[in-house]
Structure formats: C-alpha cells, structure tokens
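Dear colleague,

I am handing over the structure below, together with some notes on what was found in it. Please read the notes with the coordinates open beside you.

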Amino acid sequence: QVQLVESGGGLVQPGGSLRLSCAVSGSIFSTNDMGWYRQAPGKQRELVAAITSSGSTNYEDSAKGRFTISRDNAKNTVYLQMNSLKPEDTAVYYCNADVVKPMTLTRFRYWGQGTQVTVSS
C-alpha cells in the first residue's frame, strides 16, 4: 500500500505565500518523477510543477518565477513553495508520484487526496 499525504493548504490573501508538502509512504523502493497538479472548479486538472529524481524541474507558465518545487529523496517528500499568490491560483492541489515498487521494481503512479488553496482578500 502506498500513500501520498499532502499538507500546507489554506486561505491566504493575494500576494501571500504557502508551502505545500507531500510525503510518500508505504511499500516503495524509490520514487521517480514527482509533481503538483491543480484543479479549479469547472476546469480540468493541470500540471503546475514537476521534478525528476535528479532534481530537474518543469513549471506551468503562470507558475514560473512564483512557485518553486523541490524534493527530499531521503524523506520521499516533495514540496511546492508558492509566493505572490493570486486569486486565480485558487484550486485543489494534488500531489503525484511515479513510484517504483520493491521486489518487482514495477512502476505505478499515485495521487494524493488533494489540499485546498484559496487566495482571497
């Protein structure tokens, strides 16, 4: 069993900051790519930022310069530092991880349960 547990969401004023965390636990050998997605009401889920196991990053255009994704491989945890938040960043944010299972070394992609981020004055 693999679990992705997210934390750090909440209500913040425009221009404020939040830091999201996602810890991967359970039966894992290692994690490959990890990422953060978001889904606003009435919209499709979209990639916000992703990071490889070696630390290469990729950002959605609106996140560039404001958000920073990072990871701690020893803790199997990925973070998303969000600065200069805007009302349009309001969404449920989901963590995603490409997990390598022990013994068989097969790969599965898992999702977290989501954490709400609301940017409003």
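Which strand does strand E4 (residues 30–39) pair with, in which sense, and over how many bridges? Strand E4 pairs with E9 in the antiparallel sense, over eight bridges, where strands are DSSP runs of at least two residues (E), numbered from the N terminus, and two strands pair if DSSP finds at least two bridges between them. Within this pairing, Gly 35 has Asn 96 of E9 as its bridge partner.

Before going further, please keep in mind that this is a predicted model, in which local features need pLDDT of at least 70 and side-chain atom pairs count only at pLDDT 80 or more, while totals for chains, interfaces and linings use all residues. Residues are numbered from 1 along each chain as its sequence is written, and side-chain values use heavy atoms, with hydrogens and water left out.

The disulfide

The structure holds one disulfide, a term that stands for a pair of cysteine sulfur atoms within 2.5 Å. It joins Cys 22 to Cys 95, with an S to S distance of 2.1 Å, and the link is left-handed, with -80 degrees about the S-S bond. Because Cys 22 lies in strand E3 (residues 18–26) and Cys 95 in strand E9 (residues 91–100), the pair ties together parts that are 73 residues apart in sequence. Cys 22 is buried, at a relative accessible area of 0%, and Cys 95 is likewise buried, at 0% relative accessibility; buried here means under 20% relative accessible area, computed with a 1.4 Å probe on protein chains only.

Around E3

On the side of Cys 22, strand E1 (residues 2–7) pairs with E3 in the antiparallel sense over six bridges, and Glu 6 stands opposite Cys 22. E3 also pairs with strand E8 (residues 77–82), again antiparallel and over six bridges, with Leu 18 opposite Met 82.

Around E9

Nine of the 10 residues of E9 are buried, so this strand is largely enclosed by the rest of the structure. Besides its pairing with E4, E9 is joined to strand E11 (residues 115–119) by three bridges, and the two run antiparallel; here Tyr 93 has Thr 115 as its bridge partner. E9 pairs as well with strand E10 (residues 107–111), in the antiparallel sense over five bridges, and Asp 98 stands opposite Arg 109. The hairpin of E9 and E10 has six residues between the strands, and in it Met 103 takes a positive phi near 70 degrees.

With best wishes

Conventions. Helices (H or I, at least four residues) and strands (E, at least two) are DSSP runs, numbered from the N terminus. Buried means under 20% relative accessible area, exposed over 50%, partly exposed in between (1.4 Å probe, protein chains only).
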